[in-house]
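Visitor: Could you walk me through this one? I have not looked at it before.

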Amino acid sequence: RKSARKYLREIAADPGPRTLNVFRWFLRHFVWFRIYDGLEVDQRQMDRLREAAAKGPLLLLPTHRSHVDYLLLSWIVAEYDTAPPCIAAGANLSFFPIGGIFRRSGAFFIRRSFWKNRLYTACLTDYLRKILAEGYNLEFFIEGTRSRTGKMYMPRIGLLKWIAEAAIAGRVRNVQVVPIAVAYEKVIEERSISREVSGGKKKKEDLGELLRAGRVLASRFGRLNLQVGEAYD
């Protein structure tokens with residue numbers, strides 16, 4: 001039980017309305033319209049998403065090209081009167097101080113490798129079921145990591161398999177899957193991706209990288225396009 005509590009504290013999100021509202025305000029006034037030339041969103045698709053959310057929890061499955069993906073999706077669904085999701089994030093993003101901010105904004109953190117740890121796996125699967133059973137929306141990237149090529153990676157279906165099994169067993173109800181695509185004219189990670197593709201070592205996210213990312217706010221990255229598919233159960 002002591003180990004299980006430790007794992008759950010390590011994993012769990014702790015969303016707070018105040019943090020979410022501050023984050024939304026910051027993104028609206030200091031990010032989206034400062035670094036992008038426009039955001040293309042289909043009003044009918046967002047209306048359809050809001051209608052689906054009224055029927056039950058949403059399982060949002062976006063493509064993953066940039067760290068901007070989860071910021072954009074949480075912000076845009078809230079702008080269209082849908083509850084922001086709890087977001088599966090890699091444990092590498094839980095570093096101080098950004099990890100606490102992300103956790104308060106709805107992120108929960110998953111280790112990159114845990115399949116041989118049966119207790120950790122049990123804690124994570126039950127946590128996912130609890131999120132959905134309590135009516136929270138859930139978001140994760142089915143590719144498992146950011147694409148460095150612009151093409152989709154083969155899906156990793158572990159989390160989806162657990163949720164499907166829980167739905168079949170009746171432990172969660174009315175879950176609806178929503179495929180989402182986010183397209184960029186230019187991703188903010190272009191330099192690091194070029195370095196990695198050229199054989200450079202992937203740098204671990206830390207406070208230094210976060211502070212250096214501030215220069216992004218002085219750049220322009222073209223337009224964003226968000227496509228939201230029909231929800232299905």
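**Aromatic pairs, a strand and a helix**

Guide: This is a predicted model, and a search of the whole structure finds 14 aromatic pairs.

Visitor: How are the rings of Y7 and Y120 arranged?

Guide: The ring centres of Y7 and Y120 are 5.3 Å apart and the planes stand at 80°, over the 60 degrees that the class requires, so this pair counts as edge-to-face.

Visitor: And where do Y7 and Y120 lie?

Guide: Y7 belongs to helix α1 (residues 2-11) and Y120 to helix α6 (residues 118-133), so the pair ties together parts that are 113 residues apart in sequence.

Visitor: Is Y7 buried or exposed, and what about Y120?

Guide: Y7 is buried, with a relative accessible area of 13%, and Y120 is buried as well, with a value of 0%.

Visitor: What about W115 and W162?

Guide: W115 and W162 form a tilted aromatic pair, with 5.5 Å from centre to centre and 55° between the planes. This pair links distant parts of the chain, since W115 sits in the loop between β4 (107-110) and α6 while W162 sits in helix α7 (residues 158-168), 47 residues apart.

Visitor: Which of those two is buried, and which is exposed?

Guide: W115 counts as exposed, because its relative accessibility is 53% and the cut-off is over 50%, whereas W162 is buried, with a relative accessible area of 11%. Y7, Y120, W115 and W162 are, together with F114, members of one aromatic cluster.

Visitor: Switching topic, how covered is strand β2?

Guide: Strand β2 (residues 58-62) is mostly covered, with five of its five residues buried. Both of its faces are covered, with L58, L60 and P62 on one side and L59 and L61 on the other.

Visitor: Which strands does β2 pair with?

Guide: β2 pairs in the parallel sense with strand β6 (residues 176-184) over five bridges, and P62 has I180 of β6 as its bridge partner. β2 also pairs in the parallel sense with strand β5 (residues 138-139), over two bridges, where L60 stands opposite E139.

Visitor: OK, and helix α4, how far does it reach?

Guide: Helix α4 (residues 68-79) has 12 residues and reaches 16 Å from its first C-alpha to its last, close to the 16 Å expected at 1.5 Å a residue.

Visitor: How many residues of α4 are buried?

Guide: In α4, 10 of the 12 residues are buried, which leaves the helix mostly covered, and among them are V68, D69, Y70 and W75.

Visitor: What comes just after α4?

Guide: Just after α4 comes D81, which takes a positive phi of about 60°.

How values were computed. Residues numbered from 1 in each chain as written. Predicted model: local features only at pLDDT ≥ 70, side-chain atom pairs only at ≥ 80, totals over all residues. Heavy atoms only, no water. Helix = DSSP H or I, 4+ residues; strand = E, 2+ residues; numbered from the N terminus. Expected span 1.5 Å × (residues − 1). Buried < 20%, exposed > 50% of the residue type's maximum accessible area, 1.4 Å probe, protein only. Pairing = 2+ DSSP bridges. Phe/Tyr/Trp six-rings, centres within 6.5 Å; stacked < 30°, edge-to-face > 60°.
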